[in-house]
Amino acid sequence: MSESGTATAVDGSPLTAKALVRRQRIVETAIELGTEGGYEAVHMRVVAERAGVALATVYRYFESKDHLLSAAVSEWTSQLQSQLNRSPARGDQPVDRLVDVLRRASRGIERRPRFAAALIRALHSPDPGVGSAAAKVGQQIRAMATPILSDLPAPDVDGIVAVLGHVWDSSIMAWANGRTPISAIGDELENAARLLLAGRY
């Protein structure tokens with residue numbers, strides 16, 4: 001993944017249209033396996049077999065399982081963006097629309113708990129590929145929040161998105177460790193959003 005967010009091979013070389021299709025199929029296969037069996041079910045060889053590609057092809061695009069799963073987070077976020085394009089965030093006030101987006105995201109996690117647990121393990125890996133994929137997810141989240149918070153200065157939007165990211169990380173870890181129910185993720189995000197935007201609108 002390049003710094004601009006464009007998908008590349010592990011060595012940084014650009015991908016052809018056909019290669020992008022193969023890469024997408026690999027990511028979708030990882031999502032399927034993670035949804036079915038969690039982190040342990042996502043083996044690179046199994047991904048290759050189910051996606052119908054050579055194992056070397058998988059490693060051309062992803063240097064590790066954690067890199068692949070972190071790319072799946074970006075794919076999941078892209079799906080949320082597409083959903084918002086079809087059905088814009090609802091609410092009378094910007095905070096209500098932001099909460100609607102956060103609730104949609106948290107419901108996506110609730111529907112795929114095994115996949116969510118797999119993502120948690122992957123995103124906390126020191127693998128360099130994970131860092132670039134996580135950065136792209138941050139850009140995607142900011143892209144969804146910016147139109148909703150268009151009245152605020154850009155640095156404020158960046159700060160709000162960063163704090164919500166920390167709340168997301170903390171709440172999903174609490175769920176993964178059995179300290180809170182999975183439904184608490186959405187509640188924590190809503191509480192944080194309303195506190196951060198209190199008095200701004």
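The structure is a predicted model, in which local features require pLDDT of at least 70 and side-chain atom pairs count only at pLDDT 80 or more, whereas totals for chains, interfaces and linings use all residues. Residues are numbered from 1 along each chain as its sequence is written, and side-chain values rest on heavy atoms, with hydrogens and water left out.

The chain contains nine helices and zero strands, where helices (H or I, at least four residues) and strands (E, at least two) are DSSP runs numbered from the N terminus. Read from the N terminus, the order of elements is therefore α-α-α-α-α-α-α-α-α. For 201 residues a compact globule would have a radius of gyration near 17 Å, and the chain, at 17 Å, agrees with this expectation; the radius is taken over C-alpha atoms, and the globule rule is 2.2 Å times the number of residues to the power 0.38. Along the principal axes, the C-alpha atoms fill a box of roughly 55 × 35 × 30 Å.

Of the 201 residues, 45% are buried, a term that denotes under 20% relative accessible area, with exposed meaning over 50% and partly exposed in between (1.4 Å probe, protein chains only). The chain exposes about 10000 Å², of which carbon and sulfur atoms supply 54%; accessible areas come from the Shrake-Rupley method with a 1.4 Å probe, and for residues only the protein chains shown count as cover. Among contacts (heavy atoms within 4.5 Å) between residues at least 6 apart in sequence, 68% join residues at least 24 apart.

Helix α6 (113–123) has Phe 115, Ala 116, Ala 118, Leu 119, Ile 120 and Ala 122 as buried residues, and the cover over its buried residues includes α1 (17–37), α4 (65–86), α5, α7 and α8. Arg 114 is also located in α6; when neighbours within four places in sequence are set aside, Arg 114 is in contact with Gly 34, Thr 35, Glu 36, Gly 37 and Gly 38. By contrast, Arg 114 and Tyr 61, which are 53 residues apart in sequence, have C-alpha atoms 24 Å apart in space. In the loop between α6 and α7 lies Ser 125, which counts as buried because its relative accessibility is 17%. Apart from residues up to four places away in sequence, Ser 125 touches Asp 66 and Val 130, while its C-alpha atom is separated by 21 Å from that of Val 46, 79 residues away along the chain.

Helix α8 comprises 23 residues, which at 1.5 Å a residue should span 33 Å, and its end C-alpha atoms are 33 Å apart, in agreement; the expected span of a helix is 1.5 Å times one less than its number of residues. The buried residues of α8 are Val 157, Ile 160, Val 161, Leu 164, Val 167, Ser 171, Ile 172, Ala 174 and Trp 175, and what covers them includes α5, α6, α7 (128–148) and α9. Gly 159 and Ser 106 are 53 residues apart in sequence and 20 Å apart in space, C-alpha to C-alpha. After α8 comes Gly 178, whose phi is positive, near 80°.

Gly 199, which follows α9, has a positive phi, near 80°.
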